[in-house]
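Take the sequence and the coordinates side by side.

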Amino acid sequence: MTDREWIRKLLGKRPVACEICGEKIIYLGGGEYECMTCGHTFLDDFGKVRKFLYENGPAKKEVISQNTGVPEEIIMQFLREGRIEAIEAAGNRLRCDRCGCVIRKGRICADCAKKDVENFSRDIKEYIANNPKEEPVDKDADKKNNPRMRYFSSRK
């Protein structure tokens, strides 16, 4: 199993039924779930990390992992997805996949994202300039060429 598959498997650890009564649970948001029957609330890995950061403020991934039981790889995945944000003082260092500069969340820095948008815009403009607009297909062409009246007969 590759690292990516392992991380996806761990990210998929979400409660599906109440641990207390076994009934259905609903997703409240932010990694929090609530049982529809008994009202007990549950947290998935993201909910645990989110709650810890809310109560304790910025912390290193090692500290978060020790206190929540969530593996460090999952915490780094949350940073990469932009679900949580690294604070400089916490020492969670993420690097841009393109230029290698330090970023707080995601996979690429703002400068590289801006360059991507500029390149995309340039490519779209170039495509439009090189490909003339095609004539739309006229769905009513048959009716224009053959203007006979058509109707359904009640006879069988």
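Ile25 has Cys35, a residue of β2, as its bridge partner. The strands β1 and β2 (residues 32–35) are joined in the antiparallel sense over four bridges; two strands count as paired if DSSP finds at least two bridges between them. Helices (H or I, at least four residues) and strands (E, at least two) are DSSP runs, numbered from the N terminus. The model is a predicted one, in which local features need pLDDT of at least 70 and side-chain atom pairs count only at pLDDT 80 or more, while totals for chains, interfaces and linings use all residues. Residues are numbered from 1 along each chain as its sequence is written, and side-chain values use heavy atoms, without hydrogens and water.

The pair belongs to an open sheet of three strands in the order β1-β2-β3, with antiparallel pairing. β1 (25–29) and β3 (41–43) each have a single partner strand, so one side of each lacks a neighbour in the sheet. Neighbouring strands of this sheet are turned by 30° against each other on average, direction ignored (axes are lines fitted to C-alpha atoms, and angles run from 0 to 180 degrees between N-to-C directions).

In helix α3 (residues 61–68), Ile64, Ser65 and Thr68 are buried, that is, under 20% relative accessible area, with exposed meaning over 50% (1.4 Å probe, protein chains only). These three lie on the same side of α3 because they cover an arc of only 100° around the axis, taken from the directions from the helix axis to the C-beta atoms. On the other side of α3, Gln66 and Asn67 are exposed. The buried residues of α3 pack against α2 (45–56) and α4 (72–81), contact being heavy atoms within 4.5 Å. Gly69 follows α3 and has a positive phi, near 85°.
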